[in-house]
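Reader: I would like to go through this model feature by feature. Please give the general idea where there is one, then the case at hand.

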Amino acid sequence: MNKEKHLFVFSAAWCNPCRMMKSYVWNNPDVKEELVRFKSVNFIDIDDPKNIPIVRQYRINAVPMIYIVDKNGVPIKVGSTMDANQTINFLN
């Protein structure tokens with residue numbers, strides 16, 4: 001189980017790949033099934049001023065960026081644009 005792991009998805013409204021993933025990946029029932037295995041799933045808009053600290057912490061300079069982190073926030077896996085099947089594989 002990933003219950004000690006957290007998922008951070010960094011994106012922006014102006015990002016075409018982010019919008020594609022929002023529509024076709026994160027809403028996919030099979031992907032949603034994988035997301036319940038995480039302690040938290042966080043969709044982070046890099047343009048929202050309240051997110052500046054975490055965007056800086058993870059040095060986000062392109063989107064989408066997908067991080068699986070441990071309970072201390074240390075990255076375990078980092079990915080970017082993926083289709084639903086690639087995302088399922090990444091999440092496992």
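Reader: Is K50 buried or exposed?

Author: This is a predicted model, and in it K50 has a relative accessibility of 64%. The cut-off for exposed is over 50%, so K50 counts as exposed. K50 forms a salt bridge with D48, and their closest N and O atoms are 2.9 Å apart. D48 is partly exposed, at a relative accessible area of 24%.

Reader: How many salt bridges does a search of the whole structure find?

Author: The search finds two. Besides the pair D48 and K50, R37 forms a salt bridge with E34, again with 2.9 Å between the closest N and O atoms. E34 is buried, its relative accessible area being 14%.

Reader: Which elements does the protein have, and how do they run from the N terminus?

Author: There are four helices and four strands, in the order β-α-α-β-α-β-β-α. The radius of gyration is 12 Å, close to the 12 Å that the globule rule gives for 92 residues, so the protein is as compact as a globular protein of that length. The C-alpha trace spans about 30 × 30 × 15 Å along its principal axes. Of the 92 residues, 42% count as buried. Among contacts between residues at least 6 apart in sequence, 68% join residues at least 24 apart.

Reader: Now the strands. What does β1 pair with?

Author: Strand β1 covers residues 6-11, and five of its six residues are buried. With β2 (residues 40-45), β1 pairs in the parallel sense over six bridges; S11 has D45 as its bridge partner there. With β3 (residues 65-69), β1 runs antiparallel and is joined by five bridges. The bridge partner of H6 in β3 is V69, and F8 stands opposite Y67.

Reader: How should I read the two faces of β3?

Author: In a regular strand the side chains alternate between the two faces of the sheet. In β3, M65, Y67 and V69 lie on one side, I66 and I68 on the other, and all are buried. Five of the five residues of β3 are buried, so the strand is largely enclosed by the rest of the structure.

Reader: Where does β3 go on to β4, and in which sense do they pair, parallel or antiparallel?

Author: They pair in the antiparallel sense over four bridges, and Y67 stands opposite V78 in β4. The two strands form a hairpin with five residues between them. In the turn, G73 has a positive phi of about 85°.

Reader: Which backbone values stand out in the loop between α3 and β3?

Author: Most residues other than glycine have a negative phi, and most peptide bonds are trans. R59 has a phi near 55°, a positive value in a residue other than glycine. R59 is placed in the loop between α3 and β3, and at 72% relative accessibility it counts as exposed. P64 lies in that loop too, between α3 (52-57) and β3. The peptide bond from V63 to P64 is cis, with omega near 0°.

Reader: Which residues of helix α4 are buried?

Author: An α-helix has 3.6 residues a turn, so residues three or four places apart point the same way. In α4 (residues 84-91), the buried residues are A84, T87, I88, F90 and L91. Seen down the axis of α4, these buried residues fall within an arc of 160°, so they line one face of the helix. The face turned away from the buried side carries the exposed residues N85 and N89.

Reader: What covers the buried residues of α4, and which residue caps its N-terminal end?

Author: The cover includes β1, α1 (16-25), α2 (29-35), β3 and β4 (75-79). D83 is the cap: one of its side-chain oxygens lies 3.1 Å from the backbone nitrogen of N85.

Reader: Last, where is K32 found, and what is it in contact with?

Author: K32 is found in helix α2 and is partly exposed, with a relative accessible area of 41%. Leaving aside neighbours within four places in sequence, K32 is in contact with W26 and N27. K32 and F8 are 24 residues apart in sequence and 14 Å apart in space, C-alpha to C-alpha.

Note on methods: Residues numbered from 1 in each chain as written. Predicted model: local features only at pLDDT ≥ 70, side-chain atom pairs only at ≥ 80, totals over all residues. Heavy atoms only, no water. Salt bridge = Lys/Arg side-chain N within 4 Å of Asp/Glu carboxyl O. Buried < 20%, exposed > 50% of the residue type's maximum accessible area, 1.4 Å probe, protein only. Pairing = 2+ DSSP bridges. Arc of directions from axis to C-beta. Contact = heavy atoms within 4.5 Å. Polar contact = N/O pair within 3.5 Å; in protein donor to acceptor, adjacent residues only side chain to side chain. Rg over C-alpha atoms; globule rule 2.2 N^0.38 Å.
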